[in-house]
Every structure is written in C-alpha cells, then in structure tokens.
Amino acid sequence: MSNGKLFDIDPVPVTETCRHCEHRQRHQCGGSIIQYCGARKSNRTYNGLLKIKVTDQACPLFKKKVK
Ligand code: SF4
C-alpha cells in the first residue's frame with residue numbers, strides 16, 4: 001500500500017439508489033417486472049444476477065446512467 005488506502009473506490013453519495021445506475025436491468029416475469037443488477041452476481045437466482053430493488057442504496061459499483 002502506497003498511500004495507506006486499502007481500496008481505491010470513489011465513495012458513492014448516500015442519496016444515490018439503484019434506480020439511476022447503469023447496471024440495473026429490468027426483466028419481465030409474467031405480469032410483473034423484476035429488477036436485477038448486471039454487475040453483481042448471485043448464486044440464488046436462476047440467471048446468476050443479484051436481485052435488487054430500485055430503492056436500494058447504491059453500492060460502490062454504482063455508475064450514473066446517462067440519458
Ligand atoms: S447494486 Fe450497485 S451496481 Fe448494481 S444496480 Fe445497484 S448500485 Fe448499480
């Protein structure tokens with residue numbers, strides 16, 4: 001470690017949520033929409049992606065969606 005920091009991750013503002021993240025994916029399942037994260041994996045879902053809610057607080061992988 002050169003500068004005493006363990007990881008070089010920019011802090012995400014606490015006001016950000018998964019709603020405005022570029023990694024958020026919407027999957028239609030019957031009549032409902034299920035949200036997944038394209039950047040974080042899970043062993044508990046059929047497609048290997050982490051299931052999220054749009055109101056979840058943003059994680060360090062957050063990337064602001066540009067329109
Ligand atoms: S979990 Fe992190 S990377 Fe995934 S959609 Fe939410 S903020 Fe983005």
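Predicted model: local features only at pLDDT ≥ 70, side-chain atom pairs only at ≥ 80, totals over all residues.
Trainee: Let's start with the fold. How many helices and strands does the chain have?

Mentor: The secondary structure comes to 0 helices and 3 strands. Read from the N terminus on, the elements run β-β-β.

Trainee: How do I read the radius of gyration of the chain?

Mentor: Set the value beside that of a compact globule with 67 residues, which would be near 11 Å; the chain has 14 Å. For the outline, the C-alpha atoms fill a box of roughly 50 × 30 × 20 Å along the principal axes.

Trainee: And what share of the residues counts as buried?

Mentor: Of the 67 residues, 10% do. In soluble globular proteins, nonpolar side chains tend to be buried together. In this chain, the largest nonpolar core has 6 residues: Cys-18, Cys-21, Tyr-36, Leu-50, Ile-52 and Phe-62.

Trainee: Could we take one core member? Which residues is Ile-52 in contact with, leaving aside its neighbours within four places in sequence?

Mentor: Ile-52 touches Cys-18 and Tyr-36, and also Arg-24, Gln-35 and Cys-37. Across the chain, 45% of the contacts between residues at least 6 apart in sequence join residues at least 24 apart.

Trainee: Now the ligand. Which residues come nearest to the ligand?

Mentor: There are 13 residues around the ligand, and Cys-18, Cys-21, Cys-37, Cys-59 and Leu-61 come nearest.

Definitions and conventions
Residues numbered from 1 in each chain as written. Near = placed C-beta within 6 Å. Core = buried A, V, L, I, M, F, W, Y, C linked by C-beta atoms within 7 Å. Buried ≥ 20, exposed ≤ 12 C-beta atoms within 10 Å, placed from the backbone. Contact = placed C-beta atoms within 7 Å. Helix = DSSP H or I, 4+ residues; strand = E, 2+ residues; numbered from the N terminus. Rg over C-alpha atoms; globule rule 2.2 N^0.38 Å.
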